[in-house]
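Okay, thanks for coming, everyone. I'd like to walk through the charged pairs in this one and then the greasy middle. Let me put it on the screen.

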Amino acid sequence: MGQTMKRLFAPAILGLGALGLSGCVSLGAEVPDSLLTLSPTASAPIGAGAVAGSEGGPGAIAVMTPEVPAKLDVLRVPVDVNDTQIAYLPETFWVEKPARLFRRLLGETLRAELAEDAGAGAVPLVLDNDDTPTLASLYLRGSLSELGYDAQTSSVVVRFDAIRSNSEGDIVTKRFEARESGIVADAASVGPALNRAANTVAAEVADWMTQ
């Protein structure tokens with residue numbers, strides 16, 4: 001790694017053990033000018049409704065918050081410096097922890113896919129929050145192992161190991177990954193690239209869930 005890259009990431013290298021014990025991340029004395037988020041490129045149309053629980057109708061689909069490693073359980077964007085070192089992109093913060101952002105992205109993308117497939121028919125209810133007691137007939141769980149920057153290849157990486165299960169106990173798993181290379185290591189470049197990659201993964205997961 002060149003000296004410029006070392007100077008960029010070396011101050012941000014942190015112990016993962018300490019990060020795992022922290023419930024939240026302080027943004028320091030000054031709030032950043034902007035915060036990163038994940039926004040869907042596909043959304044259900046305005047006025048689209050959904051049903052669940054009616055006799056003969058579609059059941060609900062529950063999108064659960066994915067498991068994440070310690071490096072993603074913070075408000076920072078992780079950088080894989082090499083095989084043994086993790087850094088965080090300077091002055092770059094998520095508006096909310098990545099697991100919850102990705103969950104909502106999956107939920108909205110799945111709604112859009114279901115609405116497109118159903119046409120004028122009934123659309124299953126998609127649950128992507130913790131505020132409903134509705135019992136789902138299909139569940140989407142998984143592990144979000146990567147949502148960050150790879151310094152060795154100048155790439156953003158999003159990797160999600162999905163688990164699909166139903167009320168009968170059937171379980172299917174599949175790994176999804178999207179990469180975008182040639183990305184400059186700054187918030188203005190990494191943020192939009194991560195959003196594009198996350199949307200690619202979400203679209204592939206939604207297609208898989210509706211097969």
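So, start with the charges: K71, D80, E146, D150, R159, E177 and R179 are joined up in a network of salt bridges. By salt bridge I mean a side-chain nitrogen of Lys or Arg within 4 Å of a carboxyl oxygen of Asp or Glu. Before I go on, this is a predicted model, where local features need pLDDT of at least 70 and side-chain atom pairs count only at pLDDT 80 or more, while totals for chains, interfaces and linings use all residues. Numbering runs from 1 along each chain as its sequence is written, and side-chain values use heavy atoms, with hydrogens and water left out.

How many salt bridges does the rule give? The count comes to 15.

Take R179 and D150 from that network. Their side chains meet at 4.0 Å, N to O. R179 sits in strand β7 and D150 in strand β5, 29 residues apart; helices (H or I, at least four residues) and strands (E, at least two) are DSSP runs, numbered from the N terminus. D150 is buried at 12% relative accessible area, while R179 is partly exposed at 48%. Cut-offs there: buried is under 20% relative accessible area, exposed is over 50%, and partly exposed is in between, with a 1.4 Å probe and protein chains only.

Next pair: R175 and D161, with 2.6 Å from N to O. That one links strand β7 to strand β6, 14 residues apart. R175 is exposed at 54%, and D161 is partly exposed at 22%.

And loops? K97 bridges to D73, the closest N and O atoms being 3.4 Å apart. K97 is in the loop between β3 and α3 and D73 is in the loop between β1 and β2, so the pair ties together parts 24 residues apart in sequence.

Now the greasy part. A nonpolar core here is a set of buried Ala, Val, Leu, Ile, Met, Phe, Trp, Tyr and Cys residues joined through side-chain atoms within 4.5 Å. The largest core has 44 residues, and F102, L140, L147, V158 and F160 touch the most other members. Which element gives the largest share of this core? That's α4, with eleven residues.

Zoom in on L140. Leaving out residues up to four places away in sequence, its contacts (heavy atoms within 4.5 Å) include A62, L106, F160, V205 and W208. There's also a second, separate core of five residues, L127 and Y139 among them.
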